[in-house]
Amino acid sequence: MKLTKAFALVASLIIAPIVSAAPVTDVSNESALKQKLTETLGVNVMLIQQSPIDGLYQALTDRGVLYVTKDGTKLIHGNLYDMDKGMKNLTEAALAGPRIELLKPFEDEMLVYKAKNEKHVVTVFTDVDCGYCRKLHNQMQGYNDLGITIRYLAYPRAGIPSANADEMQAVWCAKDPLKAMTEAKNGGNVKAASCDIDIAAQYKLGMSFGVNGTPSLVLENGVMVPGYQGPADLLRTIESSL
């Protein structure tokens, strides 16, 4: 069964602002459901929890959120909205809390441009060849001056494996990764290098978050903001999401 395009559509729609994530509940047949989803669809299931609809669970996978009946016989893919709350995107809401937790194991791998007077931390899935990623990077001082720390994770748009991914690997493995990132985003060639950093894992994490382009920004509360925002605009977005 090939649902790659369908999953890509799900991921591409997971971009609306959110308020809070659905609470995690006990799923008695969680192991069986994970196994069936993996065997049937070839997805990696990270979490299954109660959905806002009685009789449905929501599964957080490496291809976004899927909805499955409690007996595991029926599957729904697509976004769920609350019409009584301004068409709030409940599918996006389901990802907020898990995103925060799933980022934690990657914190040691992030390339961090820390603000001296840090007020906010934003994680950015970036690509060294992306025009808007370069624009964001060139304004790093502006973000830092507003108290916004920027943390990078790799999302090579050409996928894994690719020359693009190799270039990202070279940046992360450089003796001075922050300097190498600046060089790469200015069009320079970073000397190939290898290390224990797993660029593929970072890329897959982005896929599970619903990233379908770069830059993609994850705020402290798990809200994901697709696309470039300048320093002042990003600060307003952060403050409005709190």
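## Strand pairing and helix packing in a predicted model

Six bridges connect S2 with strand S3 (residues 64–69), and the two strands run antiparallel. The model described here is predicted. Within this pair, tyrosine 57 lies opposite valine 68 in S3. Two residues separate S2 from S3, and the two strands form a hairpin.

On its other pairing, S2 is joined antiparallel to strand S1 (residues 45–50) by five bridges. Leucine 47 faces leucine 60 in S2 across this pairing. S1 and S2 also form a hairpin, here with five residues between them, and glycine 55 in the turn has a positive phi of about 95°.

| Strand pair | Bridges | Sense |
|---|---|---|
| S1 and S2 | five bridges | antiparallel |
| S2 and S3 | six bridges | antiparallel |
| S7 and S9 | three bridges | antiparallel |

Strand S2 (residues 56–61) is largely enclosed by the rest of the structure, because six of its six residues are buried. In a regular strand, side chains alternate between the two faces of the sheet. Both faces of S2 are covered: Leu56, Gln58 and Leu60 are buried on one side, and Tyr57, Ala59 and Thr61 are buried on the other.

A further element is an open sheet of five strands with mixed pairing, in the order S7-S9-S8-S10-S11. Strand S7 (111–113) and strand S11 (224–226) stand at its edges with a single partner strand each, so one side of each has no neighbour in the sheet. On average, neighbouring strands of this sheet are turned by 25° against each other, direction ignored.

Tyrosine 113 is positioned opposite isoleucine 150 in S9. Helix H7 packs on this sheet and touches S7, strand S8 (120–126) and S9; the direction of H7 makes about 85° with that of S7.

The axes of helix H4 (residues 131–138) and helix H7 (residues 177–185) come within 10 Å and cross at roughly 130°. H4 is therefore oblique to H7. The crossing of the two helices is left-handed. On the H4 side, the contact is made by Cys133, Arg134 and His137, and on the H7 side by Met181, Thr182, Ala184 and Lys185.

Key
Residues numbered from 1 in each chain as written. Predicted model: local features only at pLDDT ≥ 70, side-chain atom pairs only at ≥ 80, totals over all residues. Heavy atoms only, no water. Buried < 20%, exposed > 50% of the residue type's maximum accessible area, 1.4 Å probe, protein only. Helix = DSSP H or I, 4+ residues; strand = E, 2+ residues; numbered from the N terminus. Pairing = 2+ DSSP bridges. Axes fitted to C-alpha atoms, helices over the stretch in contact; angles between N-to-C directions. Parallel < 35°, antiparallel > 145°, perpendicular 65-115°, else oblique. Left-handed = near helix turned anticlockwise from the far one by under 90°. Contact = heavy atoms within 4.5 Å.
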